[in-house]
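Subject: Structure handover

Hello,

I am passing on the structure we discussed.

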Amino acid sequence: MLEEKVMPVAGRIAGQRHLQALRDGIILTMPLLIIGSVFLILGFLPFDGYPEFMARTFGDNWLTKLLYPVNATFDIMALIAAFGVAYRLAEQYKVDALNAGAISVAAFILATPYFTLFTPEGATAAVQVGGVLPMAFLGSKGLFVAMILAMFSTEIYRFIIQKNIVIKMPDGVPPSVSKSFVALFPGFLVILCVWIIRLLIEKTSFESLHNVIGQLLQEPLGALGGTLIGALIAVFFVQLLWSTGLHGASIVGGVMAPIWLAQTDANRVALQAGKEIPNIISQQFFDIFIYMGGSGATLVFALMMLFMAKSQQSKQLGRLAIGPGIFNINEPITFGAPIVLNPLLIIPFILTPLALVITTYIGMSTGFAPKTAGVAVPWTTPPIIGGYLASGGNIRGALMQVINLAVAFVIYYPFFRMWDKQNFKVEQGANK
Amino acid sequence: MNILLCCAAGMSTSLLVTKMEAAAKAEGISAKIWAVSASEINNHIDQADVLLVGPQVRYLLPKLKKTGLEKGIPVDLINSVHYGMCNGAEVLKFAKSLLDS
């Protein structure tokens, strides 16, 4: 029943061209963010006397210099996404992906103001400084503009190419010459459209496309996805999909990743500016604090199989599952136990992550645990280390994970016992 | 024999690759076996003789079967029990049977 109802819908969402291009295109930013995170962590280690020590050793400007790579990775997130999303979408349409990517980057820059506001020391009013691209818009603030323009420009690009629009040249013009003109046409049309859009928006009080999309789309979606209810719904769907054996994180992540990524980066910006970190919900909230051992928080289940099982089958699966489980990969458990389509194990598989969302949310909102500091910790980072790094090197981040592991243990344990007993009985029967 | 495996990130299938390589070695078969994420398939499929798909991305199967038809290679789903237990020998046998038929 579940299979019949869930499968086609999930398939359609996951296979949808634009969502797939979004997901695959944004992945292009991840290696850069992880590299930038190394420098970010080093800049904000929460040890007493650390900033003073660094200033003594490397000079007063040490932090600015240390964070150069952070600006070159986090702060061009949207620019990279503009290229990546267009590239992946063009691939789907089987048109020249490299060209589509380049055109999309140009379209994105065309939608961005070429000036920034700057308040000189001692002045009361900000002055407009020309000849620059505002870094903020090239980073997570511009992420949605980049994604939308990447799709818009690639749609125009592939439409013109697939319609095979040709410019008729008089006889005597060499065919390669006319071809080279035709090749320019799709890109020209993209630039023309975005240019007109920019001119129109400059006439309104929004001033730029970034403000339109920021206020009408990115901020409301961030507010929605950043709530406790939003997180619970997302996690519920991830678990429901996995319960039928479908990759829930990949399907739900395709829709939610841009929102959570923007939330992550807002925390990073606040950390860097020395302000209070705003968002509890971020990509790392899920990857690091909820899905310990993989979707379903199954690390404790792997440990139970390894150390507490009576049945040989459970023990054997435990030995197989513990290695990947430490790195948050749990397909051996989901398909091997199996949890998939197994009513007994689906119950804790769905309940545990939901409970962990609530404990982590409470922990972070009361200040017991630090909020994620915008550090892009890879989702394969083992628990304890992951919590420490995601909170910017705070031991209480690791402690939050320990508490979550304990909660997961309590929920999984009775179901593990019943499941192991079943396996044991089957084995005893087979031996008689 | 070139066997390409795919799942969402190419991570959990890489686990199976190790087991399949061991099985191939034990049987004395020379085979190149590797795993990629679903988005990378286009860059790898030309080198493959057969494409095996992880059960967690089985919603991609219709599309991948079409790609396989264009490239003239068999494409099919890995049995989820074999997948879960990382049964390299069985999956290798399955790959061979796809190639033989």
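This is a predicted model: local features need pLDDT of at least 70, side-chain atom pairs count only at pLDDT 80 or more; totals for chains, interfaces and linings use all residues.

Chain A overall

Chain A has 432 residues, and 44% of them count as buried. Its secondary structure consists of 21 helices and two strands. The C-alpha trace of chain A spans about 90 × 65 × 35 Å along its principal axes. Among contacts in chain A with a separation of 6 or more, 71% are between residues 24 or more positions apart.

Helix 2 of chain A

This helix covers residues 17-26. Seven of its 10 residues are buried, so helix 2 is largely enclosed by the rest of the structure. A residue is called buried here if 20 or more other C-beta atoms lie within 10 Å of its own. The buried residues of helix 2 are A:Gln20, A:Ala21, A:Leu22, A:Arg23, A:Asp24, A:Gly25 and A:Ile26.

Contact between chains A and B

Chain A puts 22 residues into the contact, and chain B puts in 18. On the side of chain B that touches chain A, the elements that give two or more residues are helix 1 (12-27) and helix 4 (80-84) of chain B. Helix 4 of chain B gives the most to that side, with four residues. By residue type, the side of chain B that touches chain A comprises 11 nonpolar residues, six polar and one charged.

Regards

Note on methods:
Residues are numbered from 1 along each chain as its sequence is written. Chains are lettered from A and ligands numbered from 1 in the order in which they are written. A residue is buried if 20 or more other C-beta atoms lie within 10 Å of its own, exposed if 12 or fewer, and partly exposed in between; C-beta atoms are placed from the backbone. Two residues are in contact if their C-beta atoms, placed from the backbone, lie within 7 Å. Ala, Val, Leu, Ile, Met, Phe, Trp, Tyr, Cys and Pro count as nonpolar, Asp, Glu, Lys and Arg as charged, and the others, Gly among them, as polar.
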